[in-house]
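Thank you all for making time this morning. Before I say anything, please take a moment with the sequence and the model.

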Amino acid sequence: MFKKMFTLLFAVLFVVPFVTVADDFDDDFGGFDEEGEDSESEEEEEEAPAQKKSKEMSESDAAMKDLMGDPEEEKPAAKEQKDSDKADVEEEAAPAEKKAAAGKSFKGVKPVLLAKGGFTVYGSYKENGRSLSTMFGSLDEGIVGVEYQGKHVIAKGTLNVRTNYAFIENGSNPLAKVNHHSVQNGAANALYEVYGGVKFYDVFIKAGKLIPEYGLVDTWQNLGMGFTTPFLTRSLIAVEGFLPETDAGLAIGYNGIIKKDHNVFVGLSLGTGANASEFWESDRTLGLYGRVGYGFKEYVKAAFAFQYRNDYYSGKKLDHIGIGVHINVAAKGFEMPITFDYNMMKMMKNTARKNTTSMLLSLAPGYAYHFNHDWIDKVGLALRFDLVQGVYLDGNAHYLDFTNFRSNSMVMRIGVTANFFTKELEGVRAMAGLTFLMQPESTVDKKDINGDGKKKDYGFMTVVLQAGAEF
């Protein structure tokens, strides 16, 4: 190659200018008669094999392109064969690539839109021995914002807009009320999730205001089986207020796929321990949340969770320790979410202390019939059963006032929902349906310790027309 380049360089620098001058001289003055030489040259060219001439021309062109820095062109036959082989390989690999792409998570900027709400066509509750009827509409979830999933950078900013829900507002649980409120309690609480972070090899670090790393609570932000009342659309421990729906702090963990089908996730978050309640809004609080979980395809997902929060409120150390087991099993249209949470809390009144406990159990078996249709996805039917052990007696209860909390009292809820779902159309998925929910009467204060005459939690009943959509 070096020899060819040197020869070609010599030709460029000396031979080419000479030939050019000679050609100009011939054009201007007629030149000399070199017919004999030309004839002799033509005979040599005729005698030379065509293959040799082609090879020499190819080598000359290649040398010139190499000198000029241009890549050599492939021979037409070889290039056509290579293109044909490449096309065959791409055609064969296309299904596999599409399948792999379908399994990958969304990358880049993505808008986050989720709306779930309903209208209570019939509802009733009892107050001071009277049976009252109610009819109202409510927006249970109105999540709007953007999310960015890059190769190494992640970020999210969403606002959760909600309206008041009568059966929570008229209930006795102050934690449920403050956790349900978002926009109503000011901009600081309205920012549902605002965080940024980095990710390497499925290991993530996030900082900001985000959902605690606890069980499967982060999987409830979707249309699900279609329950659209606050009691049924979010994790029971969040609705009852024993876990803040968001906390400001730092989170670290791993969430990855092992051998294509196995999802392993581990997370730990350290936060301020705060939600909108009076108990946790002190600047001397700590919230520690963790989870360890496993998932196999779409069939099963399970996690063990724990939380620890404390607050040196009024000079007294108050601990909240909680553990949970969350499982979701699905196969052939059937789905069964199961959640169990147990909380141990120290509450006080004045200088007295008392350990209190709460136990939460939630089951939501359902079945969905899928359609082979362009835009109709499925029709789903699901049941719901909630058991809440540990009850507040009235709406005046303070979180730190154990006299208004009964660990041995219990309420339960039963419900059924039927829903129609559409397939994703232009990125939007929607549903509509009907839900029935009832909380039967339950005696929670047999001895009337408070002396307020309220010995029962009278419960409620509601029938809701519902609809929702997500992007």
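Predicted model: local features only at pLDDT ≥ 70, side-chain atom pairs only at ≥ 80, totals over all residues.

What volume does the largest cavity have? It has a volume of about 110 Å³, where a cavity is, on a 1 Å grid over the protein atoms alone, a set of points where a 1.4 Å probe fits but cannot get out, and a volume is the space filled by probe spheres set on the points, which are joined across faces, edges and corners. Of the 13 residues that line this largest cavity, those closest to its centre are Y192, V217, R234, A238 and E245, and lining means having an atom within 4 Å of a point. The lining divides into 7 nonpolar, 3 polar and 3 charged residues, with Ala, Val, Leu, Ile, Met, Phe, Trp, Tyr, Cys and Pro counted as nonpolar, Asp, Glu, Lys and Arg as charged, and the others, Gly among them, as polar.

Residues are numbered from 1 along each chain as its sequence is written, and side-chain values use heavy atoms, with hydrogens and water left out.

H180 is found in helix α6, residues 174–180, helices being DSSP runs of H or I with at least four residues, numbered from the N terminus. Is H180 buried or exposed? H180 is buried because its relative accessible area is 2%, and buried means under 20%.

Methods
1 Å grid on protein atoms, 1.4 Å probe; cavity = no way out; pocket = protein on both sides within 12 Å on 5 of 7 lines; lining within 4 Å. Helix = DSSP H or I, 4+ residues; strand = E, 2+ residues; numbered from the N terminus. Buried < 20%, exposed > 50% of the residue type's maximum accessible area, 1.4 Å probe, protein only.
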